[in-house]
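I would like to walk through a single structure and keep to what can be read from the atoms.

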Amino acid sequence: MTVHGDSRASAFRRTWRKVAASTAVLGTGLFLASCAKDSPQDTWKPKGDAARKIDNLQRPVFLVAGIVGVLVCIAVAYAIARFRDKGQPIPKQSHGKPALEIVLTIIPFIILATIGAFTARTIVQLADTKGCEMTVNVTGQQWWWEYDYPVTEGNQKYGITKPIVTSGELVIPAGTCVLLRETSRDVIHSYWIPALNGKKDAVPGRVHENKLEADKPGYFAGQCTEFCGLSHANMRQWAIALSEADFAKWVENQQKTATVYAETDESPEAVGYRAFRQNCSRCHQVNGMQNADGTPTIAAPENNIVAGSAPNLTHLMTRSRFAGETFPLLNEECTDRLTKAASDQLGAVYLEGVTSSCLNRAQLEAWLRNAPEEKPMYVKPDAKGLLRGMPNLGLSEAQIDSIVTYLQTLK
Ligand SMILES: [Cu+2]
């Protein structure tokens, strides 16, 4: 071998070492990142029945896949070392080895058939929604989730005698199987609360059933897991499981209508009420609101929004976040208090809602000042003049102030 050849070989070794070292660093980094303590969407920590069934399936599958992966790596490393080209003559060529081929076909077959059988069993179990007492319709839309609780026989047992419409946060009783009937008003979205259930696509024109149950009261993070356009990353959701008693309180409050202010009332709230009616209620419904002539104010988001809906704001101040759960409605201290609340304290903290000392006023004002700057949304109307998302309404600071004062009454 020439000197020239030697230096090429050592250059190759140097490059190879660099690649190996950076792969190891990157791999370790990714591994450690996955072990981060504060990981609310950890798929390995189920907090409910459906998620636990999935977890029970994925653990053995990962284990078997891991063992197979290690064995394959060892075999490849052995073959590389043992049979590397040292200038030996080419071995005698042969074709086929039936015994080996049969064994190498049967082993993977057995592994895959076993995994397949357990997977099929889990799929059937997850699809069985017979025992689910509660029903919530879950509708995806660019870029937030709407929930409505219909007046079904099962829901009536939980005090739901009037439909409830809310957004972002799915509030459920703990220890109860909840049937989610998922659909979408525009593109395909996917509903997922990793601690409680598996992913299920929300597809326009179809209703997909999904179930979820939380063992204990808790606050569980999730996000849309099907790429759905510009603000997909800002389409988040939380599930809040409450004790049955706390859930009953929540239901009772959600069914109340908002305060009506007399047209002659000059209190700051009443002025804000009228400013809201003028600027916001063409898209946002506030149940109970009235026009100057006493008729109900009915929002018409279908005339303004491509997907035909905007969040119902009747009980805005009972939610902890807004706009696809992108922004906290609570200030930092109160957000901390809620997210770190022990399971038996959570209900009391959540039901307090957004008190005036907890309101993240700056964030809410920023939203009203220029929503598309806060969250990317298509600001240009389509051919029919419809929007995706909330536009910049060009409000004055005085209007914003007044409307925020009114929004604080929506408890
Ligand atoms: Cu989505």
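Predicted model: local features only at pLDDT ≥ 70, side-chain atom pairs only at ≥ 80, totals over all residues.

Helix H3 covers residues 98-127, and at 1.5 Å a residue its 30 residues should span 44 Å, which agrees with the 42 Å between its end C-alpha atoms; the expected span is taken as 1.5 Å times one less than the number of residues. Helices here are DSSP runs of H or I with at least four residues, strands are E runs of at least two, and both are numbered from the N terminus. H3 is hardly covered, with a count of one buried residue among its 30. By buried I mean that 20 or more other C-beta atoms, placed from the backbone, lie within 10 Å of a residue's own, while 12 or fewer makes it exposed and anything in between partly exposed.

Residues are numbered from 1 along each chain as its sequence is written.

Now to the interior. A nonpolar core is a set of buried Ala, Val, Leu, Ile, Met, Phe, Trp, Tyr and Cys residues joined through C-beta atoms within 7 Å. The largest such core has 75 residues, and those touching the most other members are Val 136, Ile 172, Leu 196, Phe 220, Ala 239, Ile 240 and Leu 242. Strand E10, residues 236-242, gives the most to this core, with five residues. In general, nonpolar side chains in soluble globular proteins tend to be buried together. If we set aside residues up to four places away in sequence, Phe 220 touches Lys 47, Ile 193, Ala 195, Leu 196, Ala 214, Trp 238 and Ala 239, where contact means C-beta atoms, placed from the backbone, within 7 Å.

Which residues does Tyr 158 contact, leaving aside its neighbours within four places in sequence? They are Met 134, Pro 173, Phe 247, Ala 248 and Val 251. Tyr 158 sits in the loop between helix H4 (153-156) and strand E3 (164-167), and it is partly exposed because 19 other C-beta atoms lie within 10 Å. Val 251 and Lys 162 are 89 residues apart in sequence and 9.5 Å apart in space, C-alpha to C-alpha.

Finally, some backbone details that I would look at by eye. Most residues other than glycine have a negative phi, and most peptide bonds are trans. The peptide bond from Gln 142 to Trp 143, however, is cis, with omega near 0°, and Trp 143 is placed in the loop between strand E1 (134-141) and strand E2 (144-149). In the loop between strand E11 (321-322) and strand E12 (327-328) we find Ala 323, whose phi is positive, near 55°. Ala 323 counts as buried, with 25 C-beta neighbours inside 10 Å. Glu 325 lies in the loop between E11 and E12 and has a positive phi of about 60°, although it is not a glycine. Glu 325 also counts as buried, with 23 C-beta neighbours inside 10 Å.

Methods
Contact = placed C-beta atoms within 7 Å.
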